[in-house]
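Open the model in your viewer and keep the selection panel at hand.

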Amino acid sequence: MIKSIKTWILVGLASVLLVACGQSGGGAGSKKSKTLDNTKKAGFVKCGVSQGLPGFSNADEAGNWTGIDVDVCRAVAAAVLGDADKVKYTPLSAKERFTALTSGEIDVLARNTTWTLSRDADIGLTFVGVNFYDGQGFMVRKASGINSVNDFRDGISACTNTGTTTELNMRDFFNSKNIKYEPIAFEKADEVVQAYDAGRCDTYTTDKSGLAAQRTKLSNPDEHKVLPETISKEPLGPVVRQGDSVWEDIVRWSLNTMIEAEEYGVNSSNASSLKDSDNPAIKRLVGAEGELGAAFGLDNDWSLRIIEQVGNYGESYKKHIADTGILPNRGPNELWTKGGILYVPPAR
Amino acid sequence: MNFKNLKLNLSNKNKDLIPQILTVVFLILIVIYFTINAQSNMGNRGISFGFGFLSQESSFDITFSLIDYDGSHTYARAFLVGLLNTILVSAIGIFFATILGVTIGIARLSQNYLVAKSAEWYVEIFRNIPLILQIFFWYFAALRALPLTVDSINFYDISFLNVKGWYVPKFVWTNFSIFIYSIIFAFILIYFLAKYAQNQRDKFGKQIPTLYISILLIIGLPFLTFLIGGVSLSFEIPELTQLSKTVYVYRGGVSIIPELISLALALSMYTATFIAENVRAGILGVSKGQKEAAASIGLTKGQILKLVVMPQALRIIIPPTTNQYLNLTKNSSLAAAIAYPDIVLVFAGTALMQTGRAIEIISITMLTYLSLSLSISVFMNWYNKKMAIKEK
C-alpha cells in the first residue's frame with residue numbers, strides 16, 4: 001500500500017520535472033542562424049513545393065522536380081551546400097503550406113504563394129521577394145461568346161481552388177461588378193480542371209500562369225481561352241519562417257543573385273570566365289571582388305555557384321515557362337531595363 | 001463489527017482512490033505540458049493564439065447555404081453554414097442508408113435466389129470499395145453523364161436536371177403558420193388517439209384502426225386549412241435564362257447542387273451495406289421457435305414480423321447501426337474533395353487558410369464532430385433503451 005503510493009508520487013514528481021525541462025528547453029535563441037546550421041548538418045535544403053504546377057514546381061515520372069520555384073530552392077542549396085541537387089522536396093497543398101513552414105517541416109516555401117500583408121505580418125512568415133509577377137484571370141469556353149469579363153451575367157458559375165487568394169479576389173471582383181455568381185471551390189487543382197471540363201462551371205479562375213498551365217490538362221485545350229483582363233495583383237515569391245534573419249537573407253539574396261546575374265548578362269556558361277571582368281558589379285557577382293558571402297556565414301563563391309549550377313533568372317524562365325509554352329511572353333516578369341518590373345537591390 | 005467493516009471499506013476505498021487521483025493529475029500535467037510547449041513554440045515563431053478572428057468578416061462566398069450568408073458575414077457564421085451543410089448531408093445520408101440498408105438486409109434473407117444473390121453482390125461490391133473513390137465516381141460520373149443546362153432533362157416542365165444541379169420548384173406560401181399549426185394539432189390528436197386505442201385494447205380487447213385514422217388526420221387537417229384557413233400555395237418554377245451565346249442558367253426555384261446529390265448518394269449506398277448486414281444479423285438472431293410460437297397462436301405473417309420478430313431483432317440491430325450513423329457523419333468530411341461546402345471545406349479549409357489559425361480552427365472542428373457524434377449516440381442510446389426488454 002505505502003509502497004504503491006510512493007511509486008505514484010515518484011511518477012508525479014517525474015512528470016513535474018518533465019514539464020519544467022520542456023519549458024526551459026524551448027526558449028533559448030541564438031544569434032547564429034539555427035536553420036543554416038541545421039541545413040548544413042542535414043546536408044540538404046528542406047523545400048516546400050506545389051503538388052504539381054507545370055513551370056513552377058512539377059515532378060516528372062522519375063520524381064525529378066523542375067520549375068522556377070524549384071530553382072529558388074536549388075539556388076539556396078547551391079549557395080549553402082555547394083550542390084544545387086541537395087534539396088529535399090515536400091509537395092504541399094495550399095492548406096498545408098504555411099503550417100509546414102512554421103512547424104519546421106520545411107525551411108523554404110517556394111510554392112507560387114501570393115505575398116499579402118496578412119500572410120506576411122500575421123502568421124509567423126516572412127516573404128523574401130518576388131520570383132513571378134502574376135495576376136488572376138478567367139478561362140472560358142471559346143464557344144461561349146464571352147470575350148471579356150464585362151460579358152459575365154448574373155448566375156454565372158465559377159470554379160476555383162479553396163484556400164487561396166483567388167477565392168477572395170473572385171468575390172471582390174464580382175461584387176464590384178454587382179454580379180451574382182455561384183462559387184465552387186475545390187481542394188485540389190486537378191478536381192477543378194475536371195469539373196470545369198465537364199461543364200459544372202462556366203468559367204475557371206486562378207492566377208493567369210496557372211490557367212495557362214492547367215489549360216494543357218483539359219480534354220480539348222483549343223476550345224478554351226483566357227480572358228484578357230487581370231483582376232488582381234499576385235506577386236508570387238518564396239517564404240521563410242519569421243525570426244531567423246540570417247536564413248531570410250540567404251534565401252532573399254539567392255533569388256536576387258539570379259535576377260541581377262541576368263541584368264549583367266552573367267549566365268551559367270560564361271560565369272566562371274567573367275572572374276576578371278572590368279565591371280566591378282560582375283566581379284562581385286562571381287565572387288572575384290568583395291567579401292559578400294561572409295555577411296551570412298558563406299564563402300565567397302556562393303553566388304558563382306548559384307549562377308553556374310542553376311543559371312540566371314532569364315535562363316530559368318526560358319527553360320521552365322517560355323519553352324514549355326506556358327507563357328512565352330515575359331510581360332511584367334522582364335527586367336526593368338527591358339520594360340518589365342524585375343528590379344532588385346544591388347549586391348554590394 | 002459493523003464499525004470495523006466500515007473502517008476497512010474506507011481504507012480500501014482510499015487504496016483505490018489514490019492511484020486514480022495521481023493518474024488524473026499525471027494526465028492533467030501532460031496536457032499542461034503540451035499546451036505550454038505549443039504556446040512557447042508558437043510564441044517563438046511569432047504566431048498569436050486567440051478566437052477573435054471568429055467575429056471578423058470572412059470575405060469569401062459559399063456555393064450552398066441553408067441560412068443567409070455572403071462574404072460580408074463573419075467567420076463564425078461561415079462555421080455555422082458549414083456545420084448546417086454537414087448536418088444536412090448526414091441527415092439525408094442516414095435517412096436513405098437506413099431505408100436502403102433495411103431493404104437490402106431483408107432481401108438477403110429472401111427465398112428468391114435472384115433477389116438474395118443481387119443483395120449479396122450489392123453488399124460485397126459497395127462495402128469493399130473505398131468511400132472516397134465512390135464519391136469521386138458518383139460525382140464525376142454524374143457530371144459526365146448529365147446534359148448541359150440548355151438540354152436539361154425535363155420533368156413535366158417543372159423540374160430540370162443538368163450538370164449544374166437539379167432544379168425544383170420553390171414553394172411560395174401564404175399563411176404558412178396556419179398550415180404548420182394544423183400539422184402540430186394533428187400530431188396532438190394522434191397522440192391522444194393512440195392513448196385511447198391502447199386503453200380500449202387493454203380493457204376491452206377492442207382493435208381501433210389507429211394507423212388509418214392517423215393518416216386521415218395528418219392529411220385531412222392541413223388540407224382543410226386550404227379550404228377554410230386562407231392558406232394557399234403557389235410554385236416558383238425555375239426558368240431557363242441565357243447568359244451568353246452558349247451559357248445558360250436556371251433562375252428561380254430551388255437548386256440542389258450536384259455535389260450534394262453525389263455525396264449523399266455515395267454515403268448512403270456505402271453505409272447501407274453495413275446496415276444491411278446488421279439487419280440480417282438481427283433477424284437471424286431471433287430464434288426460430290419465436291416465429292413458430294407466434295404462428296401457433298394464430299398471428300398473421302405481418303403480425304409476426306411486426307409484433308414478434310422486429311422488436312427482438314431491433315435490440316440486436318440498433319447498437320451496431322448507431323456506429324454506422326456515426327461513421328456516416330464522420331465520413332461526410334470527405335465532402336471537401338468534391339467541393340461540397342461542409343464544415344471541413346468551409347471552416348477547416350478556406351477559413352483556416354485565410355486566417356492561418358490552424359490550432360484554433362482544427363480544435364473547433366474536432367469538438368464539433370465530437371459533439372455531433374455524441375448527440376447521435378445519446379439519441380440512439382435513448383432509442384435503444386426504449387426498445388430494450390422491459391422486465392416487468
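Start by selecting the open sheet of five strands in chain A, whose order is 10-9-11-8-12 with mixed pairing. Strands here are DSSP runs of E of at least two residues, helices are runs of H or I of at least four residues, and both are numbered from the N terminus. Two strands count as paired if DSSP finds at least two bridges between them. At the edges are strand 10 (181-186) and strand 12 (224-226) of chain A; each has a single partner strand, so one side of each has no neighbour in the sheet. From one strand to the next the twist averages 25 degrees.

A word on what you are looking at: this is a predicted model, in which local features need pLDDT of at least 70, side-chain atom pairs count only at pLDDT 80 or more, and totals for chains, interfaces and linings use all residues. Residues are numbered from 1 along each chain as its sequence is written, while chains are lettered from A and ligands numbered from 1 in the order in which they are written.

Next, select strand 8 (residues 136-141) and strand 11 (residues 203-207) of chain A, which pair in the antiparallel sense over five bridges. Within this pair, A:G137 stands opposite A:T206 of strand 11 of chain A.

Angles run from 0 to 180 degrees between N-to-C directions, with axes fitted to C-alpha atoms, for helices over the stretch in contact. Helix 6 (residues 165-176) of chain A lies across strand 8, strand 9 (156-161), strand 10 and strand 11 of chain A, and runs at about 155 degrees to strand 9 of chain A.

Show both chains: 53 residues of chain A are in contact with 49 residues of chain B. Contact means that C-beta atoms, placed from the backbone, lie within 7 Å. On the chain A side, the elements giving two or more residues are helix 1 (2-27), helix 4 (97-102), strand 9, helix 6, strand 10 and helix 7 of chain A. Helix 1 of chain A gives the most, with 13 residues.

The model scores ipTM 0.76 and pTM 0.77.

Definitions and conventions:
Two residues are in contact if their C-beta atoms, placed from the backbone, lie within 7 Å.
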